[in-house]
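Let's take a friendly walk through a protein model, starting with its overall layout and then turning to a pair of helices. Have the structure open beside you as you read.

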Amino acid sequence: MAKILMKGNEAIGEGAVRAGCRYFFGYPITPQSELPHYLAKRMPQVGGVYLQAESEVATINMVYGAAGAGARVMTSSSGPGISLMQEGISYVVGAELPCVIVNMMRGGPGLGNIAPAQSDYFQATRGGGHGDYRMIVLAPASVQEIIDLMQDAFDLADRYRNPVMLAGDGVLGQMMEPVELGEEKEVRIPPRPWAATGRTGGEKHLINSLYIVPEDLEKHNIRLAAKFAAMEKEEQRWEDYLAADAELVLVAFGTAARVCKAVVDRCRREGKAVGLIRPLTLWPFPVKAFQPLLATAAHFLTVEMSMGQMVEDVRLATRECRPVYFYGRCGGMLPVAGDVYAAVQKILAGGEAK
Amino acid sequence: MMQKVFTRPRTLKDVPTHYCPGCTHGIVHRLVAEAIDELNVFDRTIGVAPVGCSVFAYNYFDCDMYEASHGRAPAVATGIKRVLPDRVVFTYQGDGDLAAIGTGEVVHAAARGEKITVIFINNAIYAMTGGQMAPTTLIGQKTTTTPYGRDRELNGSPVKICEMLGVLDGAAYIARVSVHNPANVVKAKKAIKRAFEVQMAGHGFTLVEVLSACPTNWGLAPDEALRWLADNMVPYYPLGEYKAPEEI
């Protein structure tokens with residue numbers, strides 16, 4: 001099949017439709033607007049529903065209702081809107097409902113701006129809402145990868161009965177790249193025997209996160225923790241780009257990783273052993289990727305579009321037995337390859353403080 | 001041969017409730033359950049009960065149920081109904097839930113004409129959390145957060161939901177009823193059943209506000225509470241249909 005040119009935000013929409021998602025609830029916010037625009041057109045064509053809510057607070061609760069009724073459902077937003085959804089996300093986890101939440105990250109805190117950023121990493125990976133919970137966070141770095149990951153996002157949500165977040169940024173959402181959509185596959189959505197759809201002759205079903213008796217809530221939390229442990233064991237994903245023999249390993253995701261790849265290429269041309277680990281899952285963080293590197297790499301340099309959030313996970317993953325440096329741009333500014341290259345040079349020359 | 005002339009509705013479970021003595025939640029639960037039984041939709045009804053005294057409504061209604069976050073039941077019901085348009089969906093919300101934290105959700109569910117039925121319990125107080133002022137608390141009414149009585153200057157005036165929602169085009173049936181005496185209980189039942197019928201006919205959003213008693217947090221005996229409701233709430237919150245489709 002021929003490649004077509006697609007915007008990242010539109011690719012999320014098409015990827016969702018191809019993954020069998022037929023319900024989208026959203027509220028306008030920049031820089032993810034092309035996604036609701038796309039689905040407002042596309043959903044009616046496939047017998048689905050696009051509904052614009054009155055707020056992100058309402059949106060995530062519509063998702064809760066639709067997911068509980070057995071639908072493949074998603075919503076999308078950016079920083080401030082995702083903040084408003086946090087209570088609802090906590091309820092979705094508590095009630096064990098599958099859904100996909102897209103965050104096309106922008107600069108914060110507060111109103112910040114509408115330019116691309118990665119500063120919602122903590123919120124995404126630490127559970128911005130209340131209570132003991134986790135969710136898988138996928139971080140694509142190209143439009144093609146967005147298409148490919150959307151199917152996985154819905155499947156993982158179903159497998160664990162837990163929300164999955166797709167974390168992109170304004171650059172990924174806005175840029176156009178050629179993509180291969182592939183054949184439209186018949187989507188098999190797993191049965192949902194737990195859904196509350198009206199009893200229709202069967203047992204009563206309840207969608208709920210309330211366990212008023214402490215003994216019961218503790219049991220519920222322990223059961224959820226077992227799911228999260230399984231995710232940590234089974235779902236770590238990353239791309240290893242020339243990291244195996246690298247003296248210095250860059251660590252970056254999404255748009256920042258694209259910049260870092262260019263830096264790796266330049267270093268390799270110059271004979272410098274530099275590589276990249278690109279986490280595809282921000283949670284579970286790909287700790288497994290770092291274990292073999294502790295024997296080979298002398299330094300790690302984390303590059304983020306924030307003041308340094310993922311760097312904490314890199315320090316944990318390397319157990320701090322190698323120096324972990326940080327380089328970041330924020331507020332909607334992008335790391336420039338030349339500057340990252342300069343930071344790499346400094347570390348290799350032994351001149352960079354940790 | 002004895003004939004059984006009165007029994008528990010199918011839609012209600014045979015369990016004791018946690019409600020206080022003299023609380024009217026039990027009456028309203030029964031009216032909703034009777035309406036569902038009489039319309040023969042028990043098997044395809046889905047209820048949503050958010051945070052409040054009735055958060056455990058799922059223990060009493062035997063149909064499929066959702067517990068929802070505070071104020072968001074109309075959004076949850078929207079998600080359900082959009083996925084399952086042939087089901088009957090109702091929410092059961094208190095006044096703090098619907099008329100304060102959840103105002104946005106109920107207004108926009110009504111504006112969109114969501115084909116759901118909202119049962120709105122107005123007892124002029126936050127009961128579960130210990131008797132604080134609700135948006136519906138009357139001027140002068142003492143609560144734990146208005147110990148000198150609700151002051152118009154400080155707290156503003158009570159919110160009249162039926163009057164507000166009645167002006168929206170998406171609202172198909174809006175009524176206010178009371179359960180302070182048997183005659184009004186009968187009227188309340190009629191309104192609740194009618195709301196479900198209007199939902200099922202696909203006319204749009206439906207809501208029944210039920211003026212209810214909270215003896216515990218009002219600090220009154222159950223019979224005094226019912227008199228207080230009739231004497232104080234009914235004059236401020238006039239009973240009747242605020243909107244109804246002609247053909248039903």
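## Two domains

Chain A is assigned domain 1, covering residues 4–234, and domain 2, covering residues 239–348. Keep in mind as you look that this is a predicted model. Taken over C-alpha atoms, the centres of domain 1 and domain 2 of chain A are 28 Å apart.

## Where the domains touch

How many residues of domain 1 of chain A are in contact with domain 2 of chain A? There are 25 of them, and they meet 22 residues of domain 2 of chain A.

On the domain 1 side, the elements of chain A that each give two or more residues are helix 5 (121–126), strand 6 (136–138), strand 7 (163–169), helix 7 (170–174) and helix 8 (214–234). Helix 5 of chain A gives the largest share, with 4 residues. Sorted by class, this side of domain 1 of chain A has 16 nonpolar, 6 polar and 3 charged residues.

## A pair of helices

Now find helix 3 (residues 56–68) and helix 4 (residues 79–94) of chain A, whose axes come within 7 Å and cross at roughly 30°. Because angles under 35 degrees count as roughly parallel, helix 3 of chain A is roughly parallel to helix 4 of chain A. Their crossing is right-handed.

Which residues meet here? From helix 3 of chain A they include A:V57, A:I60 and A:Y64, and from helix 4 of chain A they include A:L84, A:M85 and A:I89. The residues of this contact between helix 3 and helix 4 of chain A divide into 10 nonpolar, 4 polar and 1 charged.

How values were computed:
Residues numbered from 1 in each chain as written. Chains lettered and ligands numbered in written order. Predicted model: local features only at pLDDT ≥ 70, side-chain atom pairs only at ≥ 80, totals over all residues. Domains from an automatic or database assignment. Contact = placed C-beta atoms within 7 Å. Nonpolar A, V, L, I, M, F, W, Y, C, P; charged D, E, K, R; others polar. Axes fitted to C-alpha atoms, helices over the stretch in contact; angles between N-to-C directions. Parallel < 35°, antiparallel > 145°, perpendicular 65-115°, else oblique. Left-handed = near helix turned anticlockwise from the far one by under 90°.
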